[in-house]
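Subject: Structure for your files

Hello,

Here is the structure you will be working from. My notes on what was found in it follow below.

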Amino acid sequence: MPSASVFNDDLTRRWVRWLRVQEYSAVTNRHYLASIVSLCRFLDDIPATDVTHLDIRDFLASVAQRGVKPATISRAMCALRCFFDFLNMGGLIAWSPPRFVRMPRLERRVPRVLTENQMRSLSSAARDLHERTMIEVLYGTGARAGEVRSMRVEDVDLVARRIRVLGKCGYRYVLFPRAISGLLRRYIGKRMSGYLFVCRSFPRKLHLIHHPDGSWRSYFYKYIPTTKRSVRVYWYAPRKDHLTYKQALRRVKRRIPNPTPEMLIGRKPLGATTVRYVVMRVGLRAGIHVNPQLIRHTFATHLLDHGADIRMIQKMLGHVSVSTTQTYTHVSMKQVQKVLDKCHPINL
């Protein structure tokens, strides 16, 4: 019989494959897997099939002792329920222990939003077309940061004013106002394909290798506009030059070509935190603490302030349930004030 740790690892690998078949998002898979790996370490020599609800409670208590947020504990519970439901469906266990552990209801906080003047200040603080287009697309579409990363040039319809994006529940369309059509047209330029938002620096790796005889060797990538491909260029410094590491590094850097606009072809999406970094950097210039999710909250609240229907906002945000969208009804006090002024008998 294999040890408990080997047995639990095998179950975890099978469960991860099942998550992929169920088309859970990559972010969900990563967080769920981290929770189950932590559980397996906590169990040590206890097989997952012998776990009881008391073990689950002890594990969640150990997670809480790390000082994490209640939402993190709730997410760990979701991962546990998913994992043990999988074991239950496979006939390995007769019941799901996490289903017998009650969690306190999470307090739903009212999200912070920016005013319209703050959004104008944020847009004005952008230093170039790249930053301003990203800010305007986030505010104009209400898209998530991950959806902005997935936007492609060929999916932008400037006539119908919509963009096809990859969201939490698959592909969907986000609409954008006429005011940012010109920005998108200028930012896209003559590009016909590739990711919409591209890195402004040419990605390249630099490896500097020192040989025992005193020579240096390295290579870098050079972009060829005619073929629209990058080729590897080798560099060598002989022993007779007697170069130190810093001298060799300076010499090879002088050989590397500077980035050109033709290199920005959008073959790879932006990094997972790049959109957040750009938004926060622009916010620092404007003196506003902001992130992409805050701009999304602001988008929904401003639409509600100007009389948009909650069902339409749900569609624009890509929410599955309208209860998620109803959070913004608690935020939009401006709309409530209008109703109060219009309907209260004192004002009649």
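C40 is buried, at a relative accessible area of 12%; buried means under 20%, exposed means over 50%, and partly exposed lies in between, with a 1.4 Å probe and protein chains only. C82 is buried as well, at 9%. Searching the whole structure gives 0 disulfides, a disulfide being a pair of cysteine sulfur atoms within 2.5 Å. For C82, the nearest cysteine sulfur belongs to C78 and is 9.2 Å away.

Please keep in mind that this is a predicted model, in which local features need pLDDT of at least 70 and side-chain atom pairs count only at pLDDT 80 or more, while totals for chains, interfaces and linings use all residues. Residues are numbered from 1 along each chain as its sequence is written, and side-chain values use heavy atoms, with hydrogens and water left out.

Overall, the protein chain has 348 residues, 37% of which count as buried. The chain contains 15 helices and 6 strands; these are DSSP runs, numbered from the N terminus, with helices being H or I of at least four residues and strands E of at least two.

Strands count as paired if DSSP finds at least two bridges between them. Strand β2 (residues 162-167) is joined to β3 by 6 bridges, and R162 sits opposite L175 of β3.

On the cores: a nonpolar core is a set of buried Ala, Val, Leu, Ile, Met, Phe, Trp, Tyr and Cys residues joined through side-chain atoms within 4.5 Å. The largest has 33 residues, and M151, I163, L196, F197, V290 and I295 touch the most other members. Two or more residues each come from α5 (116-124), α6 (129-141), β2, α8 (181-188), α10 (274-286) and α11 (292-305). Another core, of 27 residues, lies apart from it and includes L60, I73, A76 and M77.

Beyond its neighbours within four places in sequence, V290 is in contact with L114, L122, V279, M280, G283 and I295, contact meaning heavy atoms within 4.5 Å.

Regards
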